[in-house]
Amino acid sequence: MPLPQLPRSQRSGRPAGAGPRHLARTAAALAAALALLSPPLAAGAASATAREAPAAEVAVRINTQASLGRLSDTARGVNAAVWDAHMNDPEVAALMKAADVGAMRYPGGSYADIYHWETHTAPGGYVAPGTDFDSFMGTVRAAGAQPILIANYGSGTPEEAAGWVRYANVTKDYDARYWEIGNEIYGNGHYGNGWEHDEHEDKSPREYARQVRAYAGAMKAVDPTIKIGAVLTTPGHWPDGVVGEGDPGDWNHTVLSEVTDVIDFVSVHWYAGGADTTAEDAMARLTRLPGELREVRSQLDRYAGADSPRIGIALTEINTNTGGAMLTARPNGLFAADAYLTALENGVFTVDWWNTHNGAGRITTVDGETDYGDMGMLSSGGCTGDVCEPAPNTPFHPYYGMKMTSELGTAGDTLVAAASSAQDVSAHAVHRRDGRLSVLLVNKDPDAARTVDLEYAGFTPSAAAPEVSRYARGDGEITDVTDGGASASRVTVPPYGMLALTLTPRAGTGPGASDAGTPGTPRLETVTDTTARLSWEGARGAARYLVQARDGARTRLVGETTGTSVTLRNLPPGSTHTVNVLAADASGRLSAPSAPLTFTTGTPSDAACAVTYHRDTSWGNGFVATVTVRNLSDTPITGWTVDWDWPTDRQSVSSGWNATFHQTGRHVRVTAPEGAGPLAPDGGSTASFGFVGANDGPNPQPTVFRLNGTVCSGGG
């Protein structure tokens, strides 16, 4: 029989077609869709019946001792555009407030680089009535959000931007914190493809960096508390890796080498593909996003050094594709929920959907529903031919995907590690400040419900049934399941559906039972090839501190101290580690974990060999590199091999010269060519070889090279 449920409403860029970047199956059996939860099972003590039950199809592990960072007040965001006549409809603010949206970006993607705030004009583009800055701020305030504003770089000046800061924060007291300098400026034609308006004679990344410094100086002279953001390309997405004529490096490396001292965040965009990319494709490609964001942070680490943690990462545009179909359909709602949380778990402080409204595009049928090809979260009421969207501001599935993430928690709550054994079931978790744990499960299988066993580390659920919310076929809103026999240990997620569970902790367990507070975020003081010294701010009531390293949703103790610093030893050279610090009180009860720190060890400075890796050229999904090897020992080496491992599983050697190449998985072995002479001692000679490589996604350099098994100095 159907589960009792209550709809939530009853509980106490640019226009479509305007450019390359911005311009939802018949329902499964009703019984499968409504088979929501298994019979109750007391948490922590399985009954004989439960022990005899078959294993679930999916295992999900949640570890509350592995913090992924805290939700910011800008975590959920959307874009708004001055060409959108419905941008400031009262319904918009109400819908955004209901979804706990904390950021609204203005004036709209590429329009930012032709828009003049004071005259509310965009020469060459359309500006809708009632979309001026003050009207927009009325919507922002009604939604309880804050603005992310894009200063006009393409046709503006630092002085114009400074005037906007003065009006916003001095004259009107809007307290607008976040200011980007331009939109996708790398699309200004410098690399051959141009959609972004840029009137600067010099369109190079070096000139953009120079102008960022000028904008930051002028704007912060008005209000030194604002945050300035620079535009970067997303690693693995064009034009990442492309070096323009006369440039010292690609866009990101050139810009970051000159601006890290004046910026407070960087802005990147993520679209899974072009117009033909489906939401299913996008959900699969979302697995690449963590690595791409990690590479952004690595670039910041390289150029900002110890100052890197101060510089945030904003994902200011995201959607499945750039104007095709499957944009308003149910699969894109699943993608939205998965994407928001994946990005937030990987160091982003705001995720801003493109777009609030966008306009009807290609009409298709997806999952038995009309998909309007609209990149907006809300209907604009537009038509394609004789097919028209529903009334303006009717939410599409991506809106509910975003709103579903607000079921997990709000600003200040902690994202924690969750891992699923199945690729088509995603898991995300948030440990709330009041001790409760919320888990979101996303079933991307359109045909079958998936039974999920839940396992916890660092959290002991009480015997109380969890609160359960659902968004699945047949739901017109996020729906409370009020009498589903909910279990903390096993649930069944409907096909193409999402479940959010919120559990209470067993009394006397969890961080709330500890007398110790939460330690500060660890800082990397020094790092060598095998050691790392960390320090952190102490916590009240702490008798000792535990340093734990994370691998997925599992952690292991790597350090313990009664002080507020520790040196980790015997680390592999060139290895990457993510750690949290927990405090234990006098009774051994653990606090909540600190925010995470990720670091990479180096290579030995006194090694018996040295390797130089140089990327000679790159074109986004391919590159040419040269490797040079020196023997620094006191004896010659005859017959050598060089080994390395790629940082990602989407990097490979395609062909090479001056050596023999063999790759297995991520591991590459290069063997000296036949007839090669010995490598002279004391660096007296070198061996060089080159290769053509391929990459599908980010292309970080290898961290460790070995000559005949010996770790060399140098590397990536």
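**Cis peptides**

I started at P239, which sits in the loop between β7 (227-231) and α7 (251-259). Helices here are DSSP runs of H or I with at least four residues, strands are runs of E with at least two, and both are numbered from the N terminus. The peptide bond leading from W238 into P239 is cis, with omega near 0 degrees. Then I found a cis bond between Y106 and P107, where omega is about 15 degrees. P107 belongs to the loop between β4 (103-106) and α4 (133-143).

Before going on, I noted that this is a predicted model, with residues numbered from 1 along each chain as its sequence is written. Local features need pLDDT of at least 70, side-chain atom pairs count only at pLDDT 80 or more, totals for chains, interfaces and linings use all residues, and side-chain values use heavy atoms, leaving out hydrogens and water.

I looked up D175 next: it isn't a glycine, yet its phi is positive, at about 55 degrees. I placed D175 in the loop between α5 and β6 (178-181). Most residues other than glycine have a negative phi, and most peptide bonds are trans.

**Confidence**

How far can I trust the model? I checked pLDDT (the predictor's confidence in each residue, from 0 to 100). The protein's mean is 91, and 92% of its residues reach 70 or more. Residues 1-51 stay under 50, and for them the model has 139 contacts beyond four places in sequence, a contact being heavy atoms within 4.5 Å. Where pLDDT is low, the predicted coordinates should not be read in detail.

**The three-stranded sheet**

I traced an open sheet with the order β23-β24-β27 and antiparallel pairing; two strands pair if DSSP finds at least two bridges between them. Which strands stand at the edges? They are β23 (523-527) and β27 (565-568), each with a single partner strand, so one side of each has no neighbour in the sheet. The twist averages 20 degrees from one strand to the next, taken between lines fitted to C-alpha atoms, with angles from 0 to 180 degrees between N-to-C directions.

β23 and β24 make a hairpin with four residues between them, and four antiparallel bridges pair the two. I found L524 opposite L534 of β24. On to β27: four bridges join it to β24 (residues 532-535), again antiparallel. I picked out S535, whose bridge partner in β27 is S565, and A532, whose partner is L568.

**The four-stranded sheet**

This one is open too, in the order β26-β25-β28-β29, with antiparallel pairing. Its edge strands, β26 (554-561) and β29 (597-600), each pair on one side only. Here the twist averages 35 degrees from strand to strand. I counted six bridges between β25 (residues 544-551) and β28 (residues 576-584), and saw V547 opposite V581 in β28.

**The largest cavity**

I finished inside the protein. A cavity is a set of points, on a 1 Å grid over the protein atoms alone, where a 1.4 Å probe fits but cannot get out, and lining residues have an atom within 4 Å of a point. The largest has a volume of about 40 Å³, which is the space filled by probe spheres set on the points, joined across faces, edges and corners.

What lines it? I listed Y115, W117, A151, N152, T157, E160, A161 and W164. Helix α5 (residues 158-171) gives the most to this lining, with three residues. By class, I have five nonpolar, two polar and one charged; Ala, Val, Leu, Ile, Met, Phe, Trp, Tyr, Cys and Pro count as nonpolar, Asp, Glu, Lys and Arg as charged, the others, Gly among them, as polar.

Terms used
On a 1 Å grid over the protein atoms alone, a cavity is a set of points where a 1.4 Å probe fits but cannot get out, and a pocket is an open set with protein on both sides within 12 Å along at least five of seven lines; lining residues have an atom within 4 Å of a point.
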